[in-house]
Amino acid sequence: MTIFLSALQHYAFCPRQCALIHNEQVWAENYLTAQGAVLHERVDSGVTETRKNIRYERSVHVSSEKLDLAGILDMLEHNLQTGTLKPIEYKRGKPKPTLIDEIQLCAQALCLEEMLNQKIDEGALWYQQTRHRIPILFTDQLRTKTLTIIEQVHRLLESGKTPLPTYSKQCKACSLFEFCQPQLFNNDKSISYVANLFTVQDNLEQLMDDA
Ligand code: SF4
């Protein structure tokens, strides 16, 4: 089953969100996804251009047969003098405390490496809020982490099971909040009520057997 690069981000945010979007095709916009869409519209609308021996390609489709992975990267910088390639990803907001943006970028590099049979050592992340570009080295450590996450996402999506909601503070930023209703699930005592009923019934039967 081919997974999308975006599934890695969704998985890191919440495995349930990942399964809802990629297996159950649930989608909803909130102000964060809308901001992201506007940013990408701007990035994607630019044409390919060459400046100072660097060719800038936008919205490049990438895939990996080995990893069963596909997606679109925001920009690919091709140094025409040295031949080096650099994937660039544009992000709404600011750098995150987790490595997930680095992992998504590294996954893009792994796809490019397989497609072009060329090692890619470095990429960059650009954040809209800080207006800052951060160089990212594709170290062995980052590659290993990326492969682990890809494997986990495959396992989740191929299982066909959507994890139950776990209410956490990130739920407030989740575009699927209304659909998921995690706070209701957490307050739903019916599951434990039904489980208790069976326990009481089992105990009664045990007492009658013992009598
Ligand atoms: S609302 Fe919370 S539990 Fe539900 S999909 Fe979003 S982040 Fe996950």
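At what angle do H4 and helix H5 pack, and how many Å apart are their axes? I looked this up in a predicted model, where local features need pLDDT of at least 70, side-chain atom pairs count only at pLDDT 80 or more, and totals for chains, interfaces and linings use all residues. Residues are numbered from 1 along each chain as its sequence is written, and side-chain values use heavy atoms, with hydrogens and water left out.

**H4 and H5**

I find that H4 and H5 (residues 140-159) pack at about 90 degrees, with their axes 9 Å apart. That makes H4 roughly perpendicular to H5. Axes are lines fitted to C-alpha atoms, for helices over the stretch in contact, and angles run from 0 to 180 degrees between N-to-C directions. Under 35 degrees counts as roughly parallel, over 145 as roughly antiparallel, 65 to 115 as roughly perpendicular and the rest as oblique. Helices (H or I, at least four residues) and strands (E, at least two) are DSSP runs, numbered from the N terminus.

On the H4 side I listed Glu102, Ile103, Cys106, Ala107, Leu110 and Glu113; they meet Leu142, Arg143, Lys145, Thr146, Leu147, Ile149 and Ile150 in H5. Contact here means heavy atoms within 4.5 Å. By class, I note 8 nonpolar, 1 polar and 4 charged residues in the contact of H4 with H5. Ala, Val, Leu, Ile, Met, Phe, Trp, Tyr, Cys and Pro count as nonpolar, Asp, Glu, Lys and Arg as charged, and the others, Gly among them, as polar.

**H1 and H4**

Next I took H1 (residues 5-13) against H4 (residues 100-116): the angle is about 160 degrees and the axes are 9 Å apart. H1 is therefore roughly antiparallel to H4. From H1, Leu5, Ser6, Leu8, Gln9 and Ala12 meet Ile100, Asp101, Gln104, Ala107 and Gln108 of H4. I note 5 nonpolar, 4 polar and 1 charged residues in this contact of H1 with H4.

**H2 and H5**

Pro15, Cys18, Ala19 and His22 in H2 meet Val153, Leu156 and Leu157 in H5. The class count for H2 with H5 is 6 nonpolar, 1 polar and no charged residues.

**Ligand shell**

Which residues surround the ligand? I listed Phe13, Cys14, Gln17, Pro165, Thr166, Cys171, Cys174, Phe177, Cys180 and Pro182, with a heavy atom within 4 Å as the cut-off. This shell divides into 8 nonpolar, 2 polar and no charged residues.
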